[in-house]
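Please consult the sequence and the model shown below while reading.

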Amino acid sequence: MDWISLDTLQTLAHQYGYWVVCFGILFENLGLPLPGEAIVLVGGFLAGEGDLNYFGVLGSAIAGSTIGGTCGYWVGHFGGWSLLSRAGRLVNMSEERLLEIKEGFSTNAARTVLIGRFVALLRIFASPLAGIAEMPFPRFAFFNTLGACLWALVMVTLAYFAGEIIPLSRLVSSVSQFGLFVLLAIAAWLLWPRLHNLIRRTALQEASESDAP
């Protein structure tokens, strides 16, 4: 948000309406440094003010998010692995480690695509990773569309009603903090099975050592 202010977003939304919401979210999903949450919240806020239509903003957000995610999936499906391999070499990450990441994502792809909508970084990377992990496209399309609908509904409705009692700048800040919380929760969710297995193996090992003569 440092390079584009809320005032600028509101001005653009006043001038170009639903196109700003749709293409702003679409391009954010493709990796451009655009503040997706702020764009949708501004749209919902303006709908609450009567400058835009609630369902128009909601439909634009869903369309941009769904199309952007779908494009990201095919980028990952057709060319993402080579790009990921190059990025891995830049940070000295072995191909074996990258394969482990790919397999780990495959196990949790549906949850990540769905819940990742609420986190800016995951919104950008979840779809290409789904393509790289060869998640079946019909399955991806379902969770991508469902996630887009849930995310847009929450964001637009929140701004539509809360914008009357909470300053827009504070609302955007609070939503960003919530996104960080969701990211940490997802990380804990994904890591818990491995942590649980590690604790279990350690306990079994200690028990066998204590039973040994």
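Apart from its neighbours within four places in sequence, Gly 131 is in contact (heavy atoms within 4.5 Å) with Tyr 73, Gly 76 and His 77. Gly 131 belongs to helix H6, residues 120-132, helices being DSSP runs of H or I with at least four residues, numbered from the N terminus. With a relative accessibility of 2%, Gly 131 counts as buried; that term means under 20% relative accessible area, with exposed over 50% and partly exposed in between, for a 1.4 Å probe and protein chains only. Gly 131 and Gly 80 are separated by 51 residues in sequence, while their C-alpha atoms lie 7.5 Å apart.

The model is predicted: local features need pLDDT of at least 70 and side-chain atom pairs count only at pLDDT 80 or more, whereas totals for chains, interfaces and linings use all residues. Residues are numbered from 1 along each chain as its sequence is written, and side-chain values use heavy atoms, with hydrogens and water left out.

Ser 65, in helix H4 (residues 54-90), is buried, its relative accessible area being 0%. Beyond its neighbours within four places in sequence, Ser 65 is in contact with Ile 25, Asn 29, Arg 117, Asn 144, Ala 148 and Trp 151.

Asn 144, Ala 148 and Trp 151 are among the buried residues of H7. Helix H7 comprises 26 residues (137-162), which should span 38 Å at 1.5 Å a residue, and its end C-alpha atoms are 36 Å apart, in agreement. The expected span is 1.5 Å times one less than the number of residues.

Two helix pairs are set out below. Axes are lines fitted to C-alpha atoms, for helices over the stretch in contact, and angles between N-to-C directions run from 0 to 180 degrees.

| Helix pair | Axes | Angle |
|---|---|---|
| H3 (residues 36-49) and H7 | within 7 Å | roughly 50 degrees |
| H1 (residues 6-16) and H2 (residues 18-29) | 6 Å apart | about 120 degrees |

H1 and H2 are therefore oblique to each other: angles under 35 degrees count as roughly parallel, over 145 as roughly antiparallel, 65 to 115 as roughly perpendicular and the rest as oblique. Their contact is made by Leu 12, Ala 13 and Tyr 16 of H1 with Tyr 18, Trp 19 and Val 20 of H2.

H3 and H7 are likewise oblique. Their contact involves residues including Val 40, Leu 41 and Phe 45 of H3 and Trp 151, Met 155 and Val 156 of H7.

Methods:
Helices (H or I, at least four residues) and strands (E, at least two) are DSSP runs, numbered from the N terminus.
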